[in-house]
Amino acid sequence: MTTDVLQDQIAYYRARAGEYDEWFYRKGRYDRGAEINQQWFDEVALVMREVEALGRVGHVLELAAGTGIWTVELAKIASHITAVDASAEVIAINREKLSSPIVNYIQADLFAWEPDKQYDLVFFAFWLSHVPPEQLDGFLDKVRRATKPGGRIFAIDSLPDNTSSAANHEAYRPDDIYHTRKLNDGREFKIVKIFYDPADLARKLAEHGFNAQVKTSGRYFWYTSVFRTP
Ligand SMILES: C[S@@+](CC[C@H](N)C(=O)[O-])C[C@H]1O[C@@H](n2cnc3c(N)ncnc32)[C@H](O)[C@@H]1O
């Protein structure tokens, strides 16, 4: 089941590339009205300030970089960025948005890809929720291998809230890791989506050498910024 869903998940983000940013900028099916949208944007701003507060960071590895919403922010603090994603379509949008000589793109399936060096910062936004439970330890080991001693990780992802997703998406079901997602044209895909409890996630990260505090921005996001233990 999971292998098929991981392929569907890649297909979903490839097909969704051109409409992906509507989610983040609360457009179309993701527009939940001025007040709720503002709450979302305030929380986004809070997390973006935390990213900016990292200061100059050297070489960044961005996993599942997508259309570049966070790559743009990372480009303000990094001397170089390696951005990995499975979808050529989102990479094309990211490349066009950034148009930056400091970003190097790699199209790869993260479950097969191996880092070829260690980075000062490993960053992943809205990716951990798509890693199936049986792959989580392997993924976090990979993140540790990709992080320099003295380097750090920064991650952000979703807290469960039905207004986070599109108005025509199914409601959050805490016991099911598989979710159906629709495109604007009605096509449906199955994806993995896991909403971590921040305390549970902090314990899991600690097992992999990141003594993390996982914070929340309020209603919509958890995030963590933590150095690798030696
Ligand atoms: C929710 S989006 C997050 C994108 C970006 N980090 C952001 O926050 O806007 C998930 C991303 O994971 C990518 N992806 C899905 N499966 C993947 C895989 N197996 N390997 C690499 N990237 C994958 C998708 O193409 C998509 O860009």
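A residue counts as buried if 20 or more other C-beta atoms lie within 10 Å of its own. The views below show a predicted model.

View 1. Ser165 sits in the loop between β5 and β6 (178-182). Arg32 is 133 residues away from Ser165 in sequence. In space, the two C-alpha atoms are 9.5 Å apart.

**View 2. The residues around the ligand.** The shell holds 20 residues. Those that come nearest to the ligand are Tyr13, Ala64, Gly66, Ala86 and Ala125. Two elements, α1 (2-16) and α4 (69-75), each give two or more residues to this shell. Helix α1 gives the most, with four residues. By class, the shell has 14 nonpolar residues, four polar and two charged.

**View 3. Helix α1 and its buried side.** Helix α1 has 15 residues, which should span 21 Å at 1.5 Å a residue. Its end C-alpha atoms are 20 Å apart, in agreement with that value. Leu6, Gln9, Tyr12, Tyr13 and Arg16 are the buried residues named for α1. They cover an arc of only 115° around the axis, so they lie on the same side of α1. An α-helix has 3.6 residues a turn, so residues three or four places apart point the same way. Thr3 and Asp4 are exposed, on the face of α1 turned away from its buried side. The cover over the buried residues of α1 includes α5 (88-98), β6 and β7.

**View 4. Phe189 in strand β7.** Phe189 belongs to β7 (residues 188-192). It has 20 other C-beta atoms within 10 Å and is therefore buried. Beyond its neighbours within four places in sequence, Phe189 is in contact with Asp8, Ala11, Tyr12 and Arg181. Val5 and Phe189 are 184 residues apart in sequence, yet 8.4 Å apart in space, C-alpha to C-alpha.

**View 5. Helix α3 from one face to the other.** Helix α3 (residues 34-52) has 19 residues. From first C-alpha to last it reaches 26 Å, close to the 27 Å expected at 1.5 Å a residue. Trp40, Val47 and Val51 are its buried residues. Seen down the axis of α3, they fall within an arc of 60°, so they line one face of the helix. On the other side, Ala34, Glu35, Gln38, Ala45, Arg49 and Glu52 are exposed. The buried residues of α3 pack against α4, β5 (147-158) and β9 (221-227).

**View 6. Strand β9 between its partners.** Strand β9 is mostly covered, with five of its seven residues buried. Seven bridges join β9 to β5, and the two strands run antiparallel. Ile156 stands opposite Tyr223 in β9. Strand β8 (residues 214-216) is also antiparallel to β9, joined by three bridges. Thr216 has Trp222 of β9 as its bridge partner.

**View 7. The hairpin of β8 and β9.** Four residues lie between the two strands of this hairpin. Gly218, in the turn, has a positive phi of about 130°.

Definitions and conventions. Residues numbered from 1 in each chain as written. Predicted model: local features only at pLDDT ≥ 70, side-chain atom pairs only at ≥ 80, totals over all residues. Near = placed C-beta within 6 Å. Nonpolar A, V, L, I, M, F, W, Y, C, P; charged D, E, K, R; others polar. Expected span 1.5 Å × (residues − 1). Buried ≥ 20, exposed ≤ 12 C-beta atoms within 10 Å, placed from the backbone. Arc of directions from axis to C-beta. Contact = placed C-beta atoms within 7 Å. Pairing = 2+ DSSP bridges.
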